[in-house]
Amino acid sequence: MRLFVAVGLPDAVLSVVDALPRPGVVGVRWTNRAQWHVTLRFLGRVDDALVDGVVDALRSVDMPPGLTATVGPATARFGQRVLQVPVEGLDGLAARVVDATAPFGEPPDDRPFRGHLTLARVGRGAGRVDLRPLCGTPIRASWPVTGFELYASELHPYGARYTVVERFRDISN
């Protein structure tokens, strides 16, 4: 099973993101509302027999109190192939998730966490597409984070499809 841990966005924030312009640009594939989340850790392929261990490890993660995530201030890019919106406020939760799940899946990234929401990708075989004209669109939204999810990801020709395997909620809220 291909797994990742992420924070979902509430409907009000999804609507703010959904209002961003999506101009038709050859070679750019836009993500959709069902694909929007902030990945805390990508585990990659995990043997089905180990999924219960991942769930148990994630149950041990304490939510930082009063956690708020903020989207914005504007669209930006990662390298030449990804258009994204920065998301701040999830660093501590991401570190806790990485610590809890380190024995599972691919080794955790050896770089600082950069929360983001992927808006679009340059398709494979699309050649060089300049994403810079799509950068800088203002966006701002915040929400209280009260949990996170373990997702399974299935790759399809028109974008990945995500299924929630387990939800983890802060029971103190």
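Which residues does threonine 101 touch, not counting residues up to four places away in sequence? In this predicted model, the residues touched are Arg41, Leu43 and Leu58. Threonine 101 belongs to helix H3, which spans residues 91-101. Its relative accessible area is 0%, and because buried means under 20%, threonine 101 counts as buried. The side chain of threonine 101 also reaches back to the backbone oxygen of valine 97, at 2.8 Å.

Leu58, one of the residues touched by threonine 101, is part of helix H2 (residues 51-59) and is buried there, as are Val51, Val54, Val55 and Ala57. An α-helix has 3.6 residues a turn, so residues three or four places apart point the same way. The other side of H2 carries Asp52 and Arg59, both of which are exposed. The cover over the buried residues of H2 includes helix H3 together with strands E1 (2-7), E3 (38-45), E9 (147-154) and E10 (161-169).

A separate feature concerns the backbone at proline 73. This residue is located in the loop that runs between strand E4 (68-71) and strand E5 (76-78). The peptide bond leading from glycine 72 to proline 73 is cis, and its omega is near 20 degrees. In general, most peptide bonds are trans.

Terms used:
Residues numbered from 1 in each chain as written. Predicted model: local features only at pLDDT ≥ 70, side-chain atom pairs only at ≥ 80, totals over all residues. Heavy atoms only, no water. Helix = DSSP H or I, 4+ residues; strand = E, 2+ residues; numbered from the N terminus. Buried < 20%, exposed > 50% of the residue type's maximum accessible area, 1.4 Å probe, protein only. Polar contact = N/O pair within 3.5 Å; in protein donor to acceptor, adjacent residues only side chain to side chain. Contact = heavy atoms within 4.5 Å.
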